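I opened this notebook to keep track of what I looked up in the structure. The entries follow the order in which I went through them.

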Amino acid sequence: MSFGPFLLLALMEGLVTAAVLALAASGLSLVFGVMRVVNVAHGEFYMLGAVIAWFVTTLVPGPAWAGFLVALAVAPVAVGALAAAADRLVLRRLDYDPEATIVATIGLLYMIQQAALSFYGPDARPVAAPFDWRLQLPWFGYSGYKLFVVLAAAVVLLALWLFMTRSKVGLVMRATQVDRDVAQAFGIDVDLVYMAVFGIGAALAAVAAVLIVPIQQAHYLMGHDPLLLSFIVVIIGGLGSLRGTVVAALVIGLSDGVISMFFSPTLAKILATLLVALVLVFRPQGLFGVRDR
Amino acid sequence: MSGAKVWALHLAVLVALFAAQYLLPPYHATNLARVLVLALFAMGYNLAFGYTGLLSLGHALFFAGGMFAAGLPAYHFGFSAGPALILSLLGGGVLAGAVGLFALRTAGVSFMIVTLMFAQAGYLTLIYFNAWTGGDQGFAVPASGRSLFGFALSSDGPRFAVAWGLFALGFLVCLALVRSRFGRVMVAMRENEERSRLLGYNPFVVKLIVLVISGLYAGLAGGAWALLFGYAGASFATIQYSILPMLYVLLGGAGTVAGPVLGAALMFWLIELASGLTSAWLFLVGAALVVLVLFAPKGILGWVREKVWRGLP
Amino acid sequence: MSLLEARGLTRHFGGLRAVDGVDFDLRPGEVQGLIGPNGAGKTTFVSLLSGRIPVQSGTIHLAGEDITRLPAQARVRKGLAYTFQITSIFPGLTVFDNVALAVQGGRAQIGSWRGGGAALEAAVAAALGQVGMADLAGQGAGALSYGHQRLLEVAMGLALQPKVLILDEPTQGLAAGEIAGFMALVRGLVPAVSVLLIEHNMEVVMGVADRITVLNFGRVLARGTPAQISADPAVQEAYLGA
Ligand SMILES: Nc1ncnc2c1ncn2[C@@H]1O[C@H](COP(=O)(O)OP(=O)(O)O)[C@@H](O)[C@H]1O
Ligand SMILES: [Mg+2]
């Protein structure tokens with residue numbers, strides 16, 4: 001393959017990474033934006049989404065697309081409910097103290113990971129793609145499902161954006177984000193908002209995982225990389241800014257796709273993590289972030 | 001509480017720990033050596049987190065830094081244990097100073113994430129240079145590197161003696177430090193940084209010094225681990241090894257001199273016990289973290305200090 | 001000759017001109033009052049003097065030396081002490097340790113590296129004695145009553161052994177009996193220490209100040225002796241509400 005098509009392939013792969021990353025990271029960003037806490041267990045919610053997708057698709061009889069659709073509905077709801085419970089039982093009791101929350105969500109991370117190992121096992125297991133169509137380009141064939149992933153992620157992100165900007169519930173969430181106490185004074189049930197936001201944030205990670213699992217397989221340690229990459233994206237995009245998060249996901253996803261085709265992926269990760277640290281130190285509003293307030 | 005009594009009590013702890021090697025069955029005496037090295041690491045973590053309020057998620061980098069600063073020269077150039085330990089001390093301190101120069105410009109959650117990212121970059125660097133470091137598999141430290149003043153550190157007696165000696169050194173330095181003039185300033189940073197600035201202290205400098213001291217502890221512990229137990233690997237740079245000292249400190253009591261060793265011992269044998277019953281011991285670590293922050297954020301000795309003995313350092 | 005001198009000091013918050021080109025002099029050995037309505041910019045002004053907030057323009061000199069760009073902690077070590085309007089102590093430490101931090105951090109840097117020593121203990125006892133809290137040294141600072149926390153704040157300022165002591169509404173929350181003692185304390189500090197006192201209680205300012213500066217909307221409205229200030233019609237209109 002000559003250079004042009006090679007680059008095209010790298011960009012298409014990068015686009016898939018970016019789409020899934022944008023979804024997962026937007027969940028982290030939403031939680032940080034509204035609740036001002038960092039959820040270290042976010043990657044485990046992602047992993048749970050994939051594992052649940054595997055269970056669902058093996059249980060649902062019939063064609064692959066049927067099981068996939070059920071998983072796409074069940075996994076986010078189940079994961080969201082679990083997260084909401086964690087919020088109610090743990091985070092609220094900590095009064096969302098930022099540092100205590102990080103320690104507690106690290107604890108959740110270990111518990112969820114270990115539970116997955118015990119009940120799901122150490123193996124990576126595949127989930128069949130819902131359809132099997134290939135796009136034939138002049139230079140190479142490309143999985144149609146991967147294009148579907150990009151499309152689906154875009155739809156979910158658009159829906160999230162409309163929800164946050166146009167719906168009444170979204171307005172309530174943004175009001176809480178701007179000033180928790182004022183929101184409370186206006187009769188908003190802040191506890192309920194926080195529980196919902198934490199649940200939705202985790203559900204977004206689960207959606208991302210269900211979309212990726214036909215490409216990547218479900219494994220109990222698969223939450224680690226998305227967590228790190230989501231951190232990177234959210235920080236470079238500007239903490240709590242949804243628009244910045246999507247832009248950063250595109251940049252990171254595309255450059256990751258391209259860079260890891262030409263360079264060592266480890267080196268790329270080293271540079272990315274160092275970049276994140278330096279951005280937080282010298283430009284805390286992010287590289288692409290517009291200040292929300 | 002008079003100074004003499006405090007010193008006497010802490011010396012008694014050291015004597016009891018030394019005596020334990022003769023009282024415990026050999027298998028657990030070796031484990032106690034492990035606990036003492038981990039406690040040395042946790043004491044350094046405690047100086048930053050417990051006393052100064054610096055909640056770091058990057059200490060694994062300083063631990064692994066010390067481990068490889070001792071292990072690599074021993075493996076590649078045949079260094080013996082003495083010089084290797086000194087290098088580990090330097091490795092931890094230098095890394096902590098370098099990270100601190102950047103990370104200490106931030107605070108709170110940002111500080112946690114910045115330290116986490118530096119540690120992750122360090123871990124990946126160890127992987128990237130796997131031709132030298134052995135990557136995830138790591139390497140066994142050769143016998144030539146595991147000898148100190150002619151004693152083989154692979155045999156039980158010398159191994160315990162070195163582990164205990166390094167721990168005792170760290171323990172006494174820690175006690176002297178937190179009772180000193182500087183120790184008072186460390187706590188002032190934790191309690192109210194803005195106020196301490198208006199009393200004439202430079203928070204950045206104070207915190208940098210503490211982080212370097214903390215890094216010296218972590219580095220020495222990492223080096224001791226490599227030489228005493230004969231193995232160095234990149235996995236010691238993963239976030240799990242930043243979480244463990246935090247867990248020990250939270251359990252034993254943040255901001256107490258004896259808390260880290262108490263927490264390390266309890267947690268070590270709790271995990272040991274649990275892993276005899278189930279493979280899911282990591283679940284225990286997670287549950288312990290959640291339960292501690294929820295119900296006992298001050299830890300055991302923190303509770304003692306609050307209810308029983310106000311003057312406990 | 002002035003000990004502490006500010007020229008054209010300015011600090012805006014967005015469009016809000018909190019401090020807007022203030023000239024100011026504190027003479028050696030005087031007690032100067034700084035008054036003005038709520039939101040006039042008094043706290044912001046002294047925060048600029050102490051270095052808590054960076055200045056946007058203007059200069060500050062202490063005993064002839066330009067300190068405009070010095071960080072707060074360096075100004076403290078040169079003898080410029082500040083006590084907070086909103087009580088700011090170390091709640092987890094004892095009263096003794098709170099004051100000891102000031103003693104060892106301030107201008108004289110008293111005490112041995114081990115954190116104790118007779119000189120340190122004497123200095124702590126002296127500062128606590130001045131505010132009448134000598135018997136509370138062993139208490140946890142967080143458990144003190146509000147009035148005692150205010151006085152501890154003042155004791156920490158004194159323990160810095162400053163040349164200039166800035167007190168931001170120190171009598172807020174003190175009982176009537178404590179206020180009389182406080183006035184005597186302030187008068188007793190001069191001439192060794194020069195005092196800049198922000199105060200809402202008119203009786204206190206009129207009673208202890210040699211001169212008074214009035215701020216309004218971030219600008220100097222008037223300055224003069226207590227008698228001149230209480231007779232000034234502009235001040236009466238803006239502030240005394242007459
Ligand atoms: N950090 C800040 N950010 C924005 N506005 C501030 C800040 N600090 C003070 N202000 C505003 O500046 C004005 C002066 O405040 P302040 O100096 O506290 O007044 P005073 O002490 O005279 O009551 C007020 O309107 C206040 O709201
Ligand atoms: Mg004020």
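I start with a term: a residue is buried under 20% relative accessible area, exposed over 50%, and partly exposed in between, with a 1.4 Å probe and protein chains only. The model is predicted, so I note that local features need pLDDT of at least 70 and side-chain atom pairs count only at pLDDT 80 or more, while totals for chains, interfaces and linings use all residues. Residues are numbered from 1 along each chain as its sequence is written, chains are lettered from A and ligands numbered from 1 in the order in which they are written, and side-chain values use heavy atoms, with hydrogens and water left out.

**Entry: C:T213**

I looked up C:T213 and found it buried, with a relative accessible area of 2%. C:T213 belongs to strand 9 (residues 211–216) of chain C; helices (H or I, at least four residues) and strands (E, at least two) are DSSP runs, numbered from the N terminus. Which residues does C:T213 touch, not counting residues up to four places away in sequence? I listed C:F24, C:Q32, C:G33, C:L34, C:I35, C:V220, C:A222 and C:R223, where contact means heavy atoms within 4.5 Å. With C:Q32 there is also a polar contact, side chain to side chain, at 2.6 Å. A polar contact is a pair of N or O atoms within 3.5 Å; within protein, one must be able to donate a hydrogen and the other to accept it, and residues adjacent in sequence count only if both atoms are side-chain atoms.

**Entry: the magnesium ion**

Which protein atoms are donors of the magnesium ion (ligand 2)? I found C:T43 (OG1) and C:Q85 (OE1), 2.1 to 2.2 Å from the ion. Donors are N, O and S atoms within 2.8 Å of the metal (3.2 Å for Na, K and Ca), and water is not among the atoms, so sites may look incomplete. The pair links distant parts of the chain, 42 residues apart: C:T43 is in helix 1 (residues 42–50) of chain C, and C:Q85 is in the loop between strand 6 (80–83) and helix 3 (95–105). C:T43 is partly exposed at 26% relative accessible area, and C:Q85 is partly exposed at 21%.

**Entry: ligand 1**

I then listed the residues around ligand 1: C:F13, C:L16, C:A18, C:P37, C:N38, C:G39, C:A40, C:G41, C:K42, C:T43 and C:T44. A residue is near a molecule if one of its heavy atoms lies within 4 Å of it. I sorted this shell into five nonpolar, five polar and one charged residue. For that sorting, Ala, Val, Leu, Ile, Met, Phe, Trp, Tyr, Cys and Pro count as nonpolar, Asp, Glu, Lys and Arg as charged, and the others, Gly among them, as polar. Helix 1 of chain C gives the largest share of the shell, three residues.

I checked oxygen atoms of ligand 1 against N or O atoms of the protein. One lies 3.2 Å from a backbone atom of C:A40, one is 2.8 Å from a side-chain atom of C:T43, and one is 2.5 Å from a side-chain atom of C:T44. Taken alone, ligand 1 exposes 560 Å², and the protein buries 59% of that. These areas come from the Shrake-Rupley method with a 1.4 Å probe; for residues, only the protein chains shown count as cover.

**Entry: chains**

Of the two pairs of chains in contact, I noted that chains A and B share the most contacts. Chain A and chain C have no contact, and their closest C-alpha atoms lie 13 Å apart.

**Entry: chains A and B, single residues**

A:G253 is in helix 10 (residues 242–262) of chain A and is buried, at 0% relative accessibility. Leaving aside neighbours within four places in sequence, A:G253 is in contact with A:G14, A:T17 and A:A18.

B:N31 is in helix 2 (residues 26–51) of chain B. Is B:N31 buried or exposed? I found B:N31 buried, with a relative accessible area of 5%.

**Entry: backbone**

The peptide bond from C:V190 to C:P191 is cis, with omega near 5°. A:Y96 has a positive phi, near 55°, and is a residue other than glycine. A:Y96 is buried at 6% relative accessibility.
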